Amino acid sequence: MGTPLCDGFGRDVRYLRVSVTDRCDLRCSYCMKEDVTFLPRNQVLSLEELDRLCSAFVTLGVRKLRVTGGEPLVRRNILSFFAAMGAHLRAGRLDELTLTTNGTQLARHAQALAACGVKRVNVSLDTLDAQKYTRLTRLGRIGQVFDGIAAAQAAGLRVKLNAMALKGVNDDEIFALTDWAAGHGCDLTFIELMPMGDIPAGTRLDQFWPLDEVRAHLETRFRLIDSALSTGGPARYVTLAETGQRIGFISPLSHNFCNSCNRVRLTCKGELYTCLGQEGSTDLRPVLRAGIEGAALAREIRAAIARKPAGHAFGYGPCAVAGQMARGMNHTGG
Ligand code: SF4
């Protein structure tokens with residue numbers, strides 16, 4: 001493996017998030033337009049190419065791999081990719097293989113994912129209201145997500161719910177989501193809206209709800225104890241004193257976590273983004289398709305990591321969004 005993957009600011013890169021498709025069976029209004037155009041298939045890495053590239057990262061010292069999308073489970077034969085990454089787990093080359101999903105296909109795949117070595121899944125769930133869910137996702141039926149969560153738990157997977165904090169959308173459901181998560185044995189993390197994707201900036205500003213306010217809202221019912229827990233990601237955790245429940249907050253805008261960032265993102269096109277909130281990327285697809293592998297591929301990856309910027313450029317002003325990027329979350333992986 002040689003020296004660890006390290007950027008120009010001395011941060012070791014141990015965590016790769018890979019978006020295996022930009023496609024999704026939902027059209028969440030904060031993520032994509034209803035008439036979104038997906039990438040032509042020839043621009044998307046094959047599963048074999050994704051395996052080669054991710055395996056190269058594992059060889060270079062990445063210990064945690066999260067599979068994202070779009071919706072990863074809509075990609076045909078995606079279980080073969082999980083099986084390939086599961087082999088790294090079994091060989092001790094990888095510590096963790098996880099998945100972020102909207103949950104709609106989870107009921108079908110939960111057992112197979114567990115068999116590949118997946119132990120935890122993050123399921124996006126922004127509301128418990130069936131009609132609101134269908135409005136927000138434009139296509140979704142919430143019952144499928146509930147079934148997916150139940151199937152995941154039956155297969156032995158730990159489920160964390162990810163809820164986007166959306167002013168005027170789910171700000172009346174913070175306690176309901178908290179109670180539901182507790183009642184169903186799920187962790188819960190609230191996520192601050194990021195200015196990504198081809199969504200009008202006005203919509204972003206209207207819906208942006210700083211997590212400091214979510215926290216203050218929770219404090220009207222619970223005493224929040226800050227937790228030192230770190231899962232290696234950007235979430236900060238609190239424990240609810242009354243129930244012992246753990247709640248996470250991911251607030252890239254109101255609390256910048258760039259200093260300790262150990263992650264990079266690979267898109268389904270093979271672009272390596274070393275920062276979610278900056279446009280700079282390295283296109284590894286031509287490298288892969290030129291048949292470059294081994295030490296030469298490792299050099300390309302190391303050179304890209306060395307260019308990882310210090311931090312993101314996001315910010316919400318009173319009437320403007322700074323750092324807004326047209327690149328969608330479904331393209332890069334949220
Ligand atoms: S937020 Fe997730 S589930 Fe919703 S459309 Fe985007 S990729 Fe699909």
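Strands and helices here are DSSP runs (E, at least two residues, for strands; H or I, at least four, for helices), numbered from the N terminus. The model is predicted, so local features need pLDDT of at least 70 and side-chain atom pairs count only at pLDDT 80 or more, while totals for chains, interfaces and linings use all residues. Residues are numbered from 1 along each chain as its sequence is written, and side-chain values use heavy atoms, with hydrogens and water left out.

**The β1–α1 loop**

Cys 31 counts as buried at 14% relative accessibility. Buried means under 20% relative accessible area, exposed over 50%, and partly exposed in between, with a 1.4 Å probe and protein chains only. Next take Cys 28, in the loop between β1 and α1; Cys 28 is buried, with a relative accessible area of 14%. Show its contacts (heavy atoms within 4.5 Å): not counting residues up to four places away in sequence, Cys 28 touches Leu 136, Thr 137 and Arg 138.

Thr 21 lies in the loop between β1 (15-19) and α1 and is buried at 6% relative accessible area. A polar atom of the Thr 21 side chain lies 3.0 Å from the backbone nitrogen of Arg 23.

**The ligand**

The shell holds Cys 24, Leu 26, Arg 27, Cys 28, Tyr 30, Cys 31, Met 32, Gly 70 and Asn 102. By class, six of these are nonpolar, two polar and one charged. Ala, Val, Leu, Ile, Met, Phe, Trp, Tyr, Cys and Pro count as nonpolar, Asp, Glu, Lys and Arg as charged, and the others, Gly among them, as polar. An unreviewed UniProt entry gives "binding site" for Cys 24, Cys 28 and Cys 31; such annotations may be inferred rather than shown by experiment.

**Other annotated positions**

The feature "binding site" is also placed by UniProt (unreviewed entry) at Arg 17, Arg 66, Thr 100, Lys 160, Arg 263, Val 264 and Arg 265. Arg 17 is in strand β1 and is buried at 9% relative accessibility. Move to Lys 160 in strand β5, which counts as buried at 11%. Leaving out residues up to four places away in sequence, Lys 160 touches Val 121, Asn 122, Val 123, Asp 187, Leu 188 and Thr 189.

**The nonpolar core**

A nonpolar core is a set of buried Ala, Val, Leu, Ile, Met, Phe, Trp, Tyr and Cys residues joined through side-chain atoms within 4.5 Å. The largest one has 93 residues, of which Phe 57, Phe 81, Phe 82, Leu 161, Phe 190 and Ile 301 touch the most other members. Helix α1 (residues 47-59) gives the most to this core, with seven residues. Centre on Phe 82: neighbours within four places in sequence aside, its contacts are Val 67, Leu 73, Leu 97, Thr 98, Leu 99, Leu 113, Cys 116 and Val 118.

Ala 110 is in helix α3 (residues 106-115) and is buried at 1% relative accessibility. Ala 154 is 44 residues away from Ala 110 in sequence, with 8.4 Å between their C-alpha atoms.

Finish on α6 (residues 174-183), where Ile 174, Phe 175, Leu 177, Thr 178, Trp 180 and Ala 181 are buried. The buried residues of α6 pack against α5 (142-154), β5 (158-165), β6 (187-192), α8 (211-218), β8 (236-240) and β9 (246-250). Just after α6, Gly 185 has a positive phi of about 65°.

Methods:
Polar contact = N/O pair within 3.5 Å; in protein donor to acceptor, adjacent residues only side chain to side chain. Near = heavy atom within 4 Å.
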